[in-house]
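Subject: Structure handover

Hello,

Here is the structure I promised you. Please open it and keep it on screen while you read my notes.

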Amino acid sequence: MNIIQNVAVIGLGYIGLPTAAILATNGINVVGVDVSTRTVEAVNRGEVPFVEPDLSVHVAGAVAQGRLKATKETPKAEAYIVAVPTPFNADKSADLSYIEAAARGIAPQLSGGELIILESTSPPGATQHLGDYLVRLRPDLSLEQGLGRPQILIAHCPERVLPGRVMIELVTNDRIIGGITRDAALSAKALYETFCQGEIHLTDATTAEMAKLVENSFRDVNIAFANELSIISDKLNIDVWELIELANYHPRVNILQPGPGVGGHCIAVDPWFIVAAAPEEATLIRQARLTNDAKPDWVVERVVTEVKDLPPGASVAALGLSFKANIDDLRESPAIDIVISLASRLPNTRILVSEPHINGLPSVLGDLSNVYLVDSTESAIADAEVILLLVNHDSFADVDPKVLESKRIIDTRGIWRNSQAVESLEL
Ligand code: SAJ
């Protein structure tokens, strides 16, 4: 098998750029392709247009060595890695238009023998669809060997890295590679082996697609279980965090943590692709999505109930806006939905937002007349009667418990929990 030395990575986002950089720092010549002029220019200056630990060093190094450059036009290459978004349509089915646009860029550059890898999270059948789409654009090529036309190799290698740990997990995580053909799987394996120290497991493309979706659905279903427990515990007046901690002492129980809802654009999206592929059968997966999506409204009702019996002019401190702890990423964050909803349900209440990772409110919140971004968490707490903890940032865990003493607290992440259960028993 030929060793691949020239790779084009289509899409220089949260996955494409780290992948391009890690290939380049491992000796491959990489051209990154993106529709954004800003991204292309930033990469060519050796800069990273978003925050991800250690990525800047890799990009700066790869560009300085001349192994990584960026362009808006898809070049000729021996291998193409497609890492473009796969959002969902209004009916929750996957929108493959970005993948098709990438294919339209690649097709004219093919002459046979190239490897095309789909990394984007994809519904079952998307890799085959990419192959069929390319062959429709280039009927002189074939996905199979021996049909009298030059073959192109198509494989799916889903990304599985955790934002915030991308540069570590790219190297250490196991990978799953699903080939349309065995040759395609083997060729993709050889390419990923240049930087991946985890095991590389080969399968067919649809199983690889499903494996990725199932990983995120597994977490979604388990978080839904935790979120349901938090609502049940509230009704039974017990501390859900203590409940879960105790249950998890069992050697075969590992319940995840409840929260204000599930955010980010992976776990809250991918399970819908399974539901769309098997709507009649995927009842548990669908219900988990609905349960997690309903959690923000439940939190809003809790806050409204607390504020209702306070004198007029009360304030709520909303601590945290990002979709999870210690990052600045606000995409699909349940905290944002909760603040929007509170602002309209409680028009005479000031919502004092503290989010240490941002300098200004996103426009969806900035336009609301009763929502304010407050510089310090301490002053948000001091000025509010109700404290709503939405994100478990480390800095919030360090808040002096004394300043919380006279406040009404709704801690959706359980970081300030102080269970009194055993003290309340008359032993
Ligand atoms: N969350 C909870 N309770 C928990 C764990 C998470 O409420 O016990 C919430 C978080 O607060 C957040 C959301 O779930 O709002 C998702 O956070 P996460 O840290 O679990 O996952 P992501 O979305 O940042 O990254 C996931 C990862 N998938 C898995 O762990 C199976 C990552 O490896 C994937 O690469 C990524 O999705 C992706 O791109 O698909």
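Strand β4 (residues 79–82) is covered on both faces. Ala79 and Ile81 are buried on one side, Tyr80 and Val82 on the other. Buried means under 20% relative accessible area, with a 1.4 Å probe and protein chains only. In a regular strand, side chains alternate between the two faces of the sheet. Strands here are DSSP runs of E, at least two residues; helices are runs of H or I, at least four.

This is a predicted model: local features need pLDDT of at least 70, side-chain atom pairs count only at pLDDT 80 or more, and totals for chains, interfaces and linings use all residues. Residues are numbered from 1 along each chain as its sequence is written, and side-chain values use heavy atoms, without hydrogens or water.

Now the neighbours of β4. Strand β1 (residues 6–10) pairs with β4 in the parallel sense, over 4 bridges. Pairing takes at least two DSSP bridges. Val7 has Ala79 as its bridge partner in β4. Strand β5 (residues 115–118) also runs parallel to β4, joined by 4 bridges. There, Ile116 stands opposite Tyr80.

Next, the helices. The axes of α4 (residues 97–106) and α5 (residues 126–137) come within 10 Å and cross at roughly 40 degrees. Axes are lines fitted to C-alpha atoms over the stretch in contact, and angles run from 0 to 180 degrees between N-to-C directions. Contact (heavy atoms within 4.5 Å) involves residues including Ile99 and Ala103 of α4 and Leu130 and Tyr133 of α5.

Best wishes

Methods:
Buried < 20%, exposed > 50% of the residue type's maximum accessible area, 1.4 Å probe, protein only.
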